[in-house]
Amino acid sequence: VRYARPIMGADFDYLKSVSKALPKVCIPAPGVAHFRGGRAAVDKKAYPEMAEFWHDLSAAYRGEVADLARRGCRYLQFDEVFFAYLCDPKLRE
C-alpha cells in the first residue's frame, strides 16, 4: 500500500470551482480496511505483520489528506460506516 497519486483531488477542484460555499469531501475511514476483511483481506506475503500494513495505510491517508489540504480543502469527513456493525451481536463477535 502506498500513496501514488491524488484520489479525490480532481473532484475537489471541480466542486470548489462551482461552489460558493465551503466544499466538503467525504472519504472512507481507514477502519474500512479492517471491517471489510481484516487479516484475510491483506496478503500475508506483502504484509507478514499487520502493523506494517497499518503503517503503510496511514502513510497513504496522510498523502491524500495533505494533497486535499494543499488544494484548499478545509472540510474533510472520514466516513466510518462500519460503526453500525457494532449494533449487531453476531458481527461484534
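Trainee: Why is Cys 87 called exposed?

Mentor: Exposed means over 50% relative accessible area, buried under 20%, and partly exposed in between, with a 1.4 Å probe and protein chains only. Cys 87 has a relative accessible area of 66%, and therefore counts as exposed. Please note that this is a predicted model, in which local features need pLDDT of at least 70 and side-chain atom pairs count only at pLDDT 80 or more, whereas totals for chains, interfaces and linings use all residues. Residues are numbered from 1 along each chain as its sequence is written, and side-chain values use heavy atoms, without hydrogens and water.

Trainee: What makes Cys 26 partly exposed?

Mentor: Its relative accessibility is 35%, so Cys 26 falls in the partly exposed class.

Trainee: How do you know how many disulfides there are?

Mentor: A disulfide is a pair of cysteine sulfur atoms within 2.5 Å. The closest cysteine sulfur to that of Cys 26 belongs to Cys 73, and because it lies 11 Å away it is too far for a bond. For Cys 87, the nearest cysteine sulfur is that of Cys 26, 19 Å away, and Cys 87 is in no disulfide. By this rule the count is zero.

Trainee: Why is Asp 67 called buried?

Mentor: Asp 67 has 9% relative accessibility, and therefore counts as buried. Asp 67 belongs to helix α3, helices being DSSP runs of H or I with at least four residues and strands runs of E with at least two, numbered from the N terminus. Leaving out residues up to four places away in sequence, Asp 67 touches Tyr 3, Pro 6 and Gly 9; contact means heavy atoms within 4.5 Å.

Trainee: What makes a set of residues the largest nonpolar core?

Mentor: A nonpolar core is a set of buried Ala, Val, Leu, Ile, Met, Phe, Trp, Tyr and Cys residues joined through side-chain atoms within 4.5 Å. The largest has 11 residues, among them Phe 12, Val 25, Leu 68 and Cys 73. β1 and α3 each supply at least two residues of this core, and α3 gives the largest share, five residues. Beyond its neighbours within four places in sequence, Leu 68 is in contact with residues including Met 8, Phe 12, Val 25 and Cys 73.
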